Amino acid sequence: MADQWNNLRDARFLLDEDTRPLNPVPPVILTTPAAMRRWRSANSGSVGFVPTMGYLHEGHMDLVRRSIDENLLTVVSIFVNPTQFAPDEDFSRYPRDEVRDLAQLSAAGVDAVYLPGATDMYPEGYQTYVEVEQVTRPLEGARRPGHFRGVTTVVLKLFNAVGPDRAYFGRKDAQQLRVIQRMVRDLDLGVEVVPCDIVRETDGLAMSSRNVYLSPEQRTAATVLKRALDDTRRRWAEGERDADTLRAAVSRLIDAEPLAELDYVSLADDESLQELEGTAVRPAILSMVVKFGKTRLLDNIELA
Ligand code: AMP
């Protein structure tokens with residue numbers, strides 16, 4: 001039976017795109033690091049991996065589809081990682097909908113879903129963490145102490161279990177992407193990190209599992225982030241390079257929206273994320289966090 005199952009799954013990849021079955025075989029679900037590793041050892045061929053915290057939206061599914069296009073097999077993990085949340089953050093109320101997530105992943109044709117439990121990932125006595133240095137310090141790292149230590153630790157653990165050839169990360173979490181790229185290089189992980197563009201709602205708001213926290217009024221007001229980024233892009237295209245001027249223009253636009261509170265706006269070197277002063281050099285990244293009540297929304301634009 002196991003062989004038949006595997007043959008059936010492999011057969012999907014021998015078919016032309018147009019003749020792939022409409023109802024793909026449901027993904028295998030693995031719930032422990034050991035089971036995940038066994039699956040990986042039993043399956044050869046390139047593996048693409050999409051780590052997520054679930055409550056999937058089109059931003060996640062875009063990463064998933066890219067992985068399916070570029071690899072023989074695709075693994076998606078769903079794990080709300082407790083070590084990347086500070087005690088006063090939203091870990092316990094983070095939105096979850098496993099049934100809907102699995103239905104979406106199944107319809108997309110994902111091969112395996114890794115759903116480890118918190119005690120499988122962090123059993124009693126757990127005491128090992130990964131710390132990336134400089135690039136974790138500014139921006140989110142300065143506001144969320146310990147956040148990136150949780151992120152890098154869990155991503156390394158997920159990589160160890162999944163054994164991916166490629167891993168897909170969104171440009172929406174720009175600092176996270178750069179931190180992971182640094183860890184992969186520094187620790188010789190041999191995983192190709194594939195950055196994916198930000199997927200937005202039709203009114204420009206970057207998709208995020210946390211958008212569900214917004215009231216209807218906050219949701220409408222939240223379009224101000226994209227307007228501020230578009231304004232930055234226009235100024236940059238017109239030749240504006242003064243770092244303070246670019247940051248101040250964003251501040252003014254956000255301040256003009258009564259429901260929005262600017263947490264920070266940054267114009268930084270695109271790789272190191274060191275803040276730029278005076279005349280900005282290329283490539284740069286303008287990023288911001290805007291708060292609507294307790295909800296922090298993150299967005300950014302790369303300026304090449
Ligand atoms: P999360 O579930 O929030 O941890 O996100 C999982 C992955 O999806 C991360 O690599 C995110 O950067 C990526 N992602 C989340 N939202 C978006 C989006 N709107 N566009 C592109 N990627 C996204």
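Let's start in the loop between strand E7, residues 261-269, and strand E8, residues 284-292, because that is where Pro 283 is found. This is a predicted model, so keep that in mind throughout. The peptide bond from Arg 282 to Pro 283 is cis. Its omega is near -10 degrees.

Tyr 55 sits in the loop between E2 and H3. Its phi is near 55 degrees, a positive value, and the residue is not glycine. Asp 188 is another residue other than glycine with positive phi, near 50 degrees. You will find Asp 188 in the loop between H8 and strand E6, residues 192-196.

Now the ligand. How many residues surround it? The count is 17. The closest are Met 53, His 60, Asp 173, Val 199 and Met 207. What kinds of residue make up that shell? Eight are nonpolar, six are polar and three are charged.

Look at the backbone next. An oxygen atom of the ligand lies 2.9 Å from a polar backbone atom of Met 53. For Gly 170, there is again a ligand oxygen atom 2.9 Å from a polar backbone atom. At Met 207, a polar backbone atom is 2.8 Å from a nitrogen atom of the ligand. How much of the ligand does the protein bury? On its own, the ligand exposes 490 Å², and the protein buries 92% of that.

Which elements give two or more residues to the shell? They are strand E2, residues 47-52, helix H3, residues 58-70, and strand E5, residues 166-170. H3 gives the largest share, with three residues. Recall Tyr 55: its loop runs between E2 and H3, and both of those elements are on this list.

On to helix packing. Two packed helices are described by the angle between their axes and the distance between the axes. Take helix H7, residues 147-162, and helix H8, residues 174-186. Their axes are 10 Å apart, and they pack at an angle of about 55 degrees.

To recap the ligand site: 17 residues surround the ligand, and the protein buries 92% of the area the ligand exposes alone.

Conventions
Residues numbered from 1 in each chain as written. Predicted model: local features only at pLDDT ≥ 70, side-chain atom pairs only at ≥ 80, totals over all residues. Heavy atoms only, no water. Near = heavy atom within 4 Å. Polar contact = N/O pair within 3.5 Å; in protein donor to acceptor, adjacent residues only side chain to side chain. Areas by Shrake-Rupley, 256 points an atom, 1.4 Å probe, with all protein chains shown as cover. Helix = DSSP H or I, 4+ residues; strand = E, 2+ residues; numbered from the N terminus. Nonpolar A, V, L, I, M, F, W, Y, C, P; charged D, E, K, R; others polar. Axes fitted to C-alpha atoms, helices over the stretch in contact; angles between N-to-C directions.
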